[in-house]
Amino acid sequence: MKRLLLCALCLVLGCCQPGAALDGGMLYPRESPSRELKELGGLWSFKADWSERRDAGFVEGWYKKPLSQSGPVIDMPVPASFNEITQDPKLRQYIGWVWYEKEVFPPARWLLRDPGTRVVLRVGSANYYSIVWVNGVRVTEHEGGHLPFEAEIDQLLRDAPGEPCRITIAVNNTLTPHTLPPGTIHYMENESMYPKGYFVQNTQFDFFNYAGIHRPVLLHTTPLAYIDDITVTTDVMGNVGLVQYLVSVRGSPRYSLTLTLRDQDGVTVATGNGSAGEMKVVNPLLWWPYLMHERPGYLYYLKITLSAEVDGTVSEDTYTQPVGIRTVQVTRNKFLINRKPFYFHGVNKHEDSDIRGKGLDWPLIMKDFNLLQWLGANSFRTSHYPYAEEIMELCDAYGIVVIDESPAVGMKDSMNFGNKSLQHHLIVMEELIRRDKNRPSVVMWSVANEPASWLPPAGYYFKMVIAHTKAMDPTRPVTFITNTNYALDLGAPYVDVICVNSYFSWYHDPGHLEVIRLQLNSQFENWYQTHQKPIIQSEYGADAIAGLHMDPPLMFSEEYQAAVLKEYHAVLDQKRKDYVIGELIWNFADFMTDQGTTRVLGNKKGIFTRQRQPKSAAFVLRERYWKLAEECRPLARPNYHDIGLPQTQASKCT
């Protein structure tokens, strides 16, 4: 144990400490007359550090010169996980530092000193700790995966005009008890059974620990005085939509702001000025979930124009923020969107696919959204980490409702609930809310999945995380997903919605379909009587090997998976009349896991295969979801004019 975490960050880089509270905004990069983008995807030079301490790259200074001068490199696609690109089984399981490098030429106009341009290097996500150098100069570091980070690099580019910009990114996928997700490094001391220095990364989550640069890397520009952050909240009063805005500016204290809100036809519906204010939209088209309205996902576009004085020169910056006008409320037994009962009938997903792992892939994303629409799913949870911004953009546009989850999965040990973990967890929630706070599709934050919430420190821990999340965003409910006994869960008193995972007749009483209804009914009754809060069945399901058929249904057959779903649905149909507000199948598609005796090339609980082909359960779910959509479709057109009507007049939903 004395060598525990030998290759962890604190040993390699003792100066690395968890970041402080966030400073500034991080708007999603969008082109405008004042902003340009240069994507840096494609092949990067790549090298894994195989030294015993995984620190050769720092000792030898691999960032100081082209990576190829440090020894052999290979080509590695970005974005992608590095694990399954090569034929090297050791790289698939690699733990430690890997190094990426790419040389690019920024446009010469970006380097002009008059009027001046701010150049920003942005990484969409890298798992899990990253350090970035530009031309050998360290420009930023970031703790945690799944969320973006940036660095201004314009001065470094101007210092080497006409030369290529060499970007070096070191990424470490080591997990410690205090990271999100947590993990431990275990060294095998018995040298008669394991090679000297042999170690494994232990985790308590059931998906493969893909690593690398998973989302786009790009350069983008702003003027020297620029729009730094935007916060938009919405409400509806009668036939008027209210759009409150708060805009922060950096680079100049002398500026003015004008704001124009346009509909999808380009018609101006409201205007404003200044850093904070409220716009009123008469007879607005509201943002509605998929299948709840004939025009789901309706977005307005808020164009913000900054005019600022910098060194005696006036410059402009413009940014356009999509806006969905909608409201979210939770009662003791309902979830309301635009004051109408909303029932989550959707899925849990993973960013996971053949070869590319968790790397962003547009054809796969579009296939998944087409399958969601075919299925009749109106929602999903970002299990078990924030998904790519590009995915979230489509949810906004298509009306797919999202429970946005942090990467706090596998918190099974008391070490995971200490002050160091808490500090990092709070910062992760800040980063997540900063990124997704303006998204109408995001209706609830999930701060964790299946933590050991019965442990004594968990009560205080989740009280703090949930309070901090609500303080940053009082407009959305907060939850975490539990599989703890209702009488022992110390975090449940602090959530707004109870989200429960259960796998009756699978992990519990395997093979006994006849117990599901009794056990599920007891689960719901116990939770509701204890907490008097609405409940989502946030996970349920069974593994099925595609093409395996058995009658009578036996475990792992397609028939058994379908039978489990039908037994759950019988109880859900009763309880949704009272206080159950949703059901999310586990899982949308099969996904890769660590190798083990209970997994055959991954988790097979998908209703689609990993290649997105349907199993029998997909058709069971499709029939159900379209039926639920018809039952819950409002009788009157659900727009501004009926959101104040009694539910019995406005909707068939109970």
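## Chat about loops, helices and a surface patch

Colleague: Hi! Quick one to begin: does Ser-505 count as buried or exposed?

Modeller: Buried, because its relative accessibility is 0%, and the cut-off for buried is under 20%. Bear in mind that this is a predicted model.

Colleague: Thanks! Where is Ser-505 found?

Modeller: Look in the loop that runs between strand E30 (498-501) and helix H9 (516-531).

Colleague: Nice. What about Arg-54, what is its phi?

Modeller: Arg-54 is not a glycine either, yet its phi is positive, at about 60°. You'll find Arg-54 in the loop between strand E2 (42-48) and helix H2 (56-59).

Colleague: Is Arg-54 buried or exposed, then?

Modeller: Arg-54 counts as buried, because its relative accessibility is 10%.

Colleague: Let's switch to peptide bonds. Which kind is the one from Val-78 to Pro-79, cis or trans?

Modeller: That one is cis, and its omega is near 5°. Pro-79 belongs to the loop between strand E3 (74-78) and helix H3 (89-92).

Colleague: And which kind joins Trp-586 and Asn-587, cis or trans?

Modeller: Cis again there, with omega about 15°. Asn-587 is in the loop between strand E32 (580-585) and helix H11 (616-631). For background, most peptide bonds are trans.

Colleague: On to helices! At what angle do H7 and H8 pack?

Modeller: The angle is about 25°, and the axes are 10 Å apart. To find the pair, helix H7 covers residues 419-436 and helix H8 covers residues 458-472. H7 is therefore roughly parallel to H8, as angles under 35 degrees count that way.

Colleague: Is the crossing left-handed or right-handed?

Modeller: Right-handed, as H7 passes H8.

Colleague: Last topic, the surface. Which residues make the nonpolar patch?

Modeller: Leu-548, Met-550, Leu-554 and Phe-556 make the nonpolar surface patch, which is about 310 Å².

Colleague: Where is Leu-548 found?

Modeller: Leu-548 sits in the loop between strand E31 (535-539) and helix H10 (558-575).

Colleague: And how does Leu-548 count for accessibility?

Modeller: Leu-548 counts as partly exposed, because its relative accessibility is 34%. That value lies between the cut-offs, under 20% for buried and over 50% for exposed.

Colleague: Great, thank you!

Technical notes
Residues numbered from 1 in each chain as written. Predicted model: local features only at pLDDT ≥ 70, side-chain atom pairs only at ≥ 80, totals over all residues. Heavy atoms only, no water. Patch = residues over 30% accessible without salt bridge, like charges linked within 9 Å, V, L, I, M, F, W, Y side chains within 5 Å. Areas by Shrake-Rupley, 256 points an atom, 1.4 Å probe, with all protein chains shown as cover. Salt bridge = Lys/Arg side-chain N within 4 Å of Asp/Glu carboxyl O. Helix = DSSP H or I, 4+ residues; strand = E, 2+ residues; numbered from the N terminus. Buried < 20%, exposed > 50% of the residue type's maximum accessible area, 1.4 Å probe, protein only. Axes fitted to C-alpha atoms, helices over the stretch in contact; angles between N-to-C directions. Parallel < 35°, antiparallel > 145°, perpendicular 65-115°, else oblique. Left-handed = near helix turned anticlockwise from the far one by under 90°.
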